[in-house]
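Please consult the sequence and the model shown below while reading.

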Amino acid sequence: MGETMDTGPGPGGPARPLPAEAAPFDAIGLSRMLLRSIRSGALATLDPDGTPFASLVTIATDADGTPLMLLSRLSAHTRNLLAEPRCSLLFAQGGKGDPLAHPRLTVVGRAVQTPDARARERFLARHPKAKLYADFPDFGFFALAPDAGHLNGGFAKAATLTRDQLLLDLSDAQPIVAGERGAVEHMNADHADALALYAAGAGGEAGLPWRLTGLDPEGMDLMAGDRTVRAPYPERVTDMGALRKSLVAMAARARATGADA
């Protein structure tokens, strides 16, 4: 299972994944894509006696890429987090053939309950059926503040990432954050044809009822049933005017590509 490795300080030294900035592939881009497109993963917490405990959870992301979860206090992993917030979350992209040939990302950090309304909004957009139980008194939204990430992009690809490489800096893009909800509602209500083009342009299957679940300075998150697509913009946007220009350009490019096919 060969990975991109730094073999250490000398012959026989321990093998280590390369830092993302030194990897011979786009480790940051791939990691951010996995964060945005994977809807469930393995959450590893610590039992009171220190025993690692892994469980399956559903995942969404905040605007900056912070992983979000909706957890019940009746679950062992939630009780563990309330006592010890250190944890890790595995994002694994499935596919045909050998599971180890597909990319996966492990994010380590601390998960704490959050009252942020945007966390609720973004999670429920990604998991609409969770509206049935999100307001039950034992449920709460949790945000995992990353400390670091470990990416295995498939055979011969591995890298470590810092918090700042995993998450987006939103300091210059507050208009996008503030305008996200209105833009999502508008696109879903009036531009289903354009959303289908964006999904197709990003490799999504044609003919599905694609809907927008979120957007940020780097791209859009689309979903149809249990399928997801991350559609990146041609370049980073920081205000709604730049976003509109990018969406027009992306639709035109997708139409042109379809006409040439």
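Is L30 buried or exposed? The model under discussion is a predicted one. In this model L30 counts as buried, because its relative accessibility is 18% and the cut-off for burial is under 20%.

## L30 and helix α1

L30 belongs to helix α1. Leaving aside residues up to four places away in sequence, L30 is in contact with F25, P103, L151 and G153.

## The largest nonpolar core

The largest nonpolar core has 27 residues, and the members that touch the most other members are M69, L89, F91, L105 and L151. Two or more residues are given to this core by each of α1 (27-37), β6 (67-72), β7 (86-92), β8 (104-113), β9 and β10 (157-162). Helix α1 supplies the largest share, namely four residues.

M69 illustrates the contacts made by one of these core members. Residues up to four places away in sequence being excluded, M69 touches L43, V57, T58, L89, A111, F123, G140, F141 and F142.

Helix α6 spans residues 192-201, and its buried residues include A194, L195, L197, Y198 and A199. Just after α6 comes G203, which adopts a positive phi of about 95°.

## T45 in strand β3

T45 lies in strand β3, which covers residues 40-46. With a relative accessibility of 2%, T45 counts as buried, since the limit for burial is under 20%.

The side chain of T45 makes a polar contact of 3.0 Å with the side chain of N80. N80 is also among the residues that T45 touches beyond four places in sequence; the others are T51, P52, F53, H77, L81, R86 and C87.

## A nonpolar patch on the surface

What does the surface show around L132, Y133 and F136? These residues form a nonpolar patch, and together they have about 320 Å² of accessible area.

L132 is located in the loop between α3 (117-126) and β9 (139-154). Its relative accessibility is 68%, so L132 counts as exposed. L30, by contrast, counts as buried at 18%.

Conventions:
Residues numbered from 1 in each chain as written. Predicted model: local features only at pLDDT ≥ 70, side-chain atom pairs only at ≥ 80, totals over all residues. Heavy atoms only, no water. Buried < 20%, exposed > 50% of the residue type's maximum accessible area, 1.4 Å probe, protein only. Polar contact = N/O pair within 3.5 Å; in protein donor to acceptor, adjacent residues only side chain to side chain. Contact = heavy atoms within 4.5 Å. Patch = residues over 30% accessible without salt bridge, like charges linked within 9 Å, V, L, I, M, F, W, Y side chains within 5 Å. Areas by Shrake-Rupley, 256 points an atom, 1.4 Å probe, with all protein chains shown as cover. Salt bridge = Lys/Arg side-chain N within 4 Å of Asp/Glu carboxyl O. Core = buried A, V, L, I, M, F, W, Y, C linked by side-chain atoms within 4.5 Å.
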